[in-house]
Amino acid sequence: MYAIASVTNLAGAIFVSKDPSRVDLESTSCPGVLISTMEFAAVIDYINSSDDPTAGIKFQQTVTGKEVAPSVADYTSRGPSPNCPAVLKPDVMAPGSFVLASWIPNDYTATVGTNMLLSSQGFNLISGTSMACPHASGVAALLKGTHPEWSHAAIRSAMMTTANELDSSMMPIKDVGRNFTAASPLAMGAGHMVPNKAMDPGLVYDAAPQDYVSLLCSMNFTRNQIMTITRSNDYNCANSSLDLNYPSFVAFYDKNVTTGAMLKHRFRRVVTNVGGGAATYKVKVAPPEGVKVAVWPQSLVFGKKYEQRDYYVEIVYPSDGNGLVSYGSIVWIEESGKHIVRSPIVVSPTSAGK
């Protein structure tokens with residue numbers, strides 16, 4: 001989403017964009033309309049052919065039609081995490097642009113000129129990742145109500161592995177902040193949330209408190225720092241590891257490493273069957289460009305609900321002096337076709353995406 005800067009001392013303005021649906025006019029302080037480049041050509045023809053060209057604005061009009069959605073807004077934060085690049089961030093994307101939400105009733109929401117303040121009437125159209133957060137939190141709360149036995153990690157896993165990486169045109173979700181190229185998991189995580197699918201994900205990647213403590217231990221946190229987070233000393237660092245049982249994979253490297261040097265990263269994952277009962281899943285890998293990905297075993301057989309199976313992933317990839325990011329996915333598909341469990345893979349330098 002692009003924002004138009006404040007414009008003052010004008011009776012009105014016409015703004016032109018290649019993609020008007022991605023432009024935010026909230027910051028303008030004069031009346032204005034937004035048109036496409038194709039429409040702009042017609043406006044110029046009209047101005048040149050008329051001795052007295054005029055224009056008007058009709059308010060409170062609703063335009064319907066098919067729009068391609070969703071897309072990653074330009075203002076959204078991007079990974080990798082500077083503090084813990086071993087865990088792929090972000091997790092998922094959610095609606096965050098032009099969200100109609102309650103607002104402070106005694107505060108203004110817009111201005112006309114420099115001194116006319118417009119009342120909010122208790123609601124406002126707000127954009128930002130702070131507006132996406134309540135959507136994700138609400139979905140998590142609904143999943144907890146549906147599955148009270150699920151841990152927080154299981155709920156996050158269900159939201160991630162069922163997320164959609166395609167937009168409404170069945171093409172890869174675009175990143176507005178990267179010139180409308182396909183969005184990488186460093187911008188959208190696993191994709192856009194699909195709450196109904198998250199209720200029945202088939203498999204989940206679960207994690208216990210000790211798993212997170214083991215991650216903190218591997219990051220060289222001191223005992224006191226860990227206690228600040230856990231509020232308890234009932235843990236140990238005997239098996240510290242950066243390989244958290246997460247529903248995504250990131251192979252990170254220092255881009256100062258010799259260009260073309262072949263690097264290797266191995267992961268272990270444990271999945272829990274939360275489907276209806278016995279099930280068999282087979283793996284499908286879409287490796288990042290120029291990267292070799294091996295998964296074993298290539299099938300997982302579950303005899304009953306809540307049974308667990310582990311598998312391993314090995315990623316062999318070249319370092320890139322230009323800091324390029326490549327990405328793909330690992331998908332576990334149930335033989336019956338009922339469940340599809342997708343995890344993104346990213347190969348990235350630790351300083352990418354900012």
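Predicted model: local features only at pLDDT ≥ 70, side-chain atom pairs only at ≥ 80, totals over all residues.

Let me begin with the open sheet. Four strands form it, in the order E12-E14-E18-E16, and their pairing is antiparallel. At the edges stand strand E12, residues 203-204, and strand E16, residues 292-296, each of which pairs on one side only. Within the sheet, strand E14, residues 262-273, runs antiparallel to strand E18, residues 308-318, and eleven bridges join the two.

I turn now to strand E20. How many of the ten residues of strand E20 are buried? Nine of them are, so this strand, residues 340-349, is largely enclosed by the rest of the structure.

With strand E13, residues 249-253, the pairing is parallel and comprises five bridges. Here Val-250 stands opposite Val-346 in E20. With strand E19, residues 326-334, the sense is antiparallel, over eight bridges. In that pairing, Ser-329 is found opposite Pro-344 in E20. Strands E19 and E20 also form a hairpin, with five residues between them. In the turn of this hairpin, Gly-337 has a positive phi of about 85°.

Is Leu-203 buried or exposed? Its relative accessibility is 0%, and because buried means under 20%, Leu-203 counts as buried. Which residues does Leu-203 touch, leaving aside those up to four places away in sequence? The contacts include Ser-157 and Thr-161, the run Val-271, Thr-272, Asn-273 and Val-274, and also Tyr-281 and Phe-302. Trp-332 and Val-341 are likewise among the residues that Leu-203 touches. Finally for this residue, Leu-203 and Tyr-311 are 108 residues apart in sequence, with their C-alpha atoms 13 Å apart in space.

The last topic is the cysteines. A search of the whole structure finds one disulfide. The link joins Cys-217 to Cys-237, with an S to S distance of 1.8 Å. About the S-S bond the angle is -60°, and the link of Cys-217 and Cys-237 is left-handed. Where do its two ends lie? Cys-217 is in helix H6, residues 209-218, whereas Cys-237 is in the loop between helix H7, residues 223-230, and E13, so the pair ties together parts that are 20 residues apart in sequence. The two partners are described separately in terms of accessibility: Cys-217, at 11%, counts as buried, while Cys-237, at 38%, is partly exposed.

Cys-84 is in no disulfide, and the nearest cysteine sulfur, that of Cys-217, is 13 Å away. With a relative accessibility of 13%, Cys-84 counts as buried. Cys-133 is also in no disulfide; for this residue the nearest cysteine sulfur belongs to Cys-84, at 20 Å. Cys-133 is partly exposed, with a relative accessible area of 45%.

That concludes my presentation, and I thank you for your attention.

Notes:
Residues numbered from 1 in each chain as written. Heavy atoms only, no water. Pairing = 2+ DSSP bridges. Buried < 20%, exposed > 50% of the residue type's maximum accessible area, 1.4 Å probe, protein only. Contact = heavy atoms within 4.5 Å. Disulfide = S-S within 2.5 Å.
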